[in-house]
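Hi everyone, thanks for making time this morning.

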Amino acid sequence: MKFISTRDKSKIVSASTAILNGISSDGGLYVPEYLPFIKDKLKDWQNLDYNTLAVEVLALYFDEFSKEALVEMVTKAYADKFSQNNKVALHSFDRFNFLELYHGPTAAFKDMALCLLPYLMKEAGKLQNDTRERIILTATSGDTGKAALEGFKDIKPYKVIVFYPETGVSPVQKQQMISLEGDNSYVVALKGNFDDAQNGVKKLFADKDFEIKLLEKNMVLSSANSINIGRLIPQIVYYFYGYFQMIKIGKINLGDKVDISVPTGNFGNILAAYLSKAMGLPIDNLICASNSNNVLTEFINKGVYNRKRNFHVTVAPSMDILVSSNLERYLHFVSDGDDILVKSLMDNLNTTGIYKLTENLKKEMTNIKAYSYSDDKILDEIKAVYDKEKYLMDTHTAIGYLAAKEDEKNPILIASTASPFKFTGSVAKALNLDGNFDEFQLIKDLEKHIGQSAPNCLKDLDKKPVMQNHNCEITQMKAVIEKILEV
Ligand SMILES: *Cc1c(COP(=O)(O)O)cnc(C)c1O
């Protein structure tokens, strides 16, 4: 399997190169040159445990790695950092099935891919005979940052530098990042929003002078953001797994169609669902669920992407995004790999902030729906579901659930992307547990209120010493990195 750039089909690279580079030199994203169709394997796969299934899926795309190497990577990635009896759990009522993807080291779904990525990179480096020191440069809306820091913690030869929006992350997310322990990691608060951070990081990847400067010190940049194909492919696994779990508990039979609802920001998680459908998993509709940053809702309903709008800080901060990177990959697939078209749309987005699909292309976007919700609606729904079902959703998952309710037909899998304890302030407010403004005390209040304990990684977080406290202006990102790396 080779990988091509969304903006230039003639740029063909191996899996290891795609994983190490993160982004293609023309600014495009890597996509597999074809999608394996494995419908006839569903029967064999349905009883596999998570790790074995992961190896099967990864082997289809990353066939450059040996099966033994994949087994070892997957085993290490999902070992002690994950809750073992429910690495990925399913919670169901009525036709709703919550695929809980947050039982990893940072209590959000990004752990599923980011615990594996360092091993994929390491193996890719071996195959490429590349021993340079890798600088993992990451922009985060709150969850990627800590998951990358955890995933790469103390793994050599990596350094991780994370930029997070100073006022755009929850207190728990912030404390998770600044109390980090790895001696190869750096966290920087950016005076800007997530789009500023992501944009700044993308610029640095395209900065040739910077590349040369780093090379002189035997260093090279890599990306842990979901633009990296090594993030995307591991996320396909859990949609298969979730579907098979629904069979196991008798919600569906093999071959029945389900819908999938995904609370969406950078469009990575939902794109993995799209790929699993293209591979033959019986999915009917994909539902793209957003908060009041409704740029994707408008795009899917009207065919116009317009990033020129107010940016809202919402109760679901991990989805506060206006430029959704992975949509470029979706455009690649729906346009049947039209690189010239994708490049022109992306150029339009860069220069004017807008692009518009032709009617013909818009028609290709079938079986995808989109909805968005206000903060009030999200909080009300958390309370309603808790009162009725005694099931506590976090703010992001609640958006996925709201969107899942819009359509009253198929059994539906909802990507449950974070533990409710990760966004305690908002979740406690939803349950009317106010009166306490300290999120860390609130974690304890919430534990008591619902009679369940918080994930270990969030307990006593406030007692962990703050190890890092860098901050910078949008224009200083490069200078800050140079200082950290001493180049
Ligand atoms: C990152 C994140 C999302 C959005 O996922 P994308 O792949 O960026 O669309 C949703 N919920 C949570 C909790 C997240 O951390």
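Let me start with burial: of the 487 residues in the chain, 62% are buried. Please keep in mind that what you see is a predicted model.

Now the overall dimensions. Along its principal axes, the C-alpha trace spans about 60 × 50 × 50 Å. In secondary structure, the chain comes to 21 helices and 16 strands.

On to the charges. The chain carries 58 positive and 62 negative side chains. How far apart do the centres of the two sets lie? They are 1 Å apart. Side chains of opposite charge can pair when their charged atoms come close. Here, the count comes to 24 salt bridges, and I've picked three of them for you.

My opening example is aspartate 143 with lysine 422, where the closest N and O atoms are 2.7 Å apart. Aspartate 143 sits in helix H7, while lysine 422 sits in the loop between strand S15 and helix H19, so this pair ties together parts that are 279 residues apart in sequence. Are these two residues buried or exposed? Aspartate 143 counts as buried because its relative accessibility is 3%, and lysine 422 is buried too, at 0%.

Next, aspartate 387 and lysine 383, which meet in a salt bridge at 2.8 Å, N to O. Both belong to helix H17, and because they are 4 residues apart there, about one helical turn separates them. Aspartate 387 is partly exposed, at 41% relative accessibility, and lysine 383 is partly exposed as well, with a relative accessible area of 27%.

The last pair is aspartate 460 with lysine 463, at 3.3 Å, N to O. Aspartate 460 counts as partly exposed at 43% relative accessibility, whereas lysine 463 is exposed, at 58%, since the cut-off for exposed is over 50%.

Conventions:
Residues numbered from 1 in each chain as written. Predicted model: local features only at pLDDT ≥ 70, side-chain atom pairs only at ≥ 80, totals over all residues. Heavy atoms only, no water. Helix = DSSP H or I, 4+ residues; strand = E, 2+ residues; numbered from the N terminus. Buried < 20%, exposed > 50% of the residue type's maximum accessible area, 1.4 Å probe, protein only. Lys, Arg positive; Asp, Glu negative; His and termini not counted. Charge placed at Lys NZ, Arg CZ, Asp CG, Glu CD. Salt bridge = Lys/Arg side-chain N within 4 Å of Asp/Glu carboxyl O.
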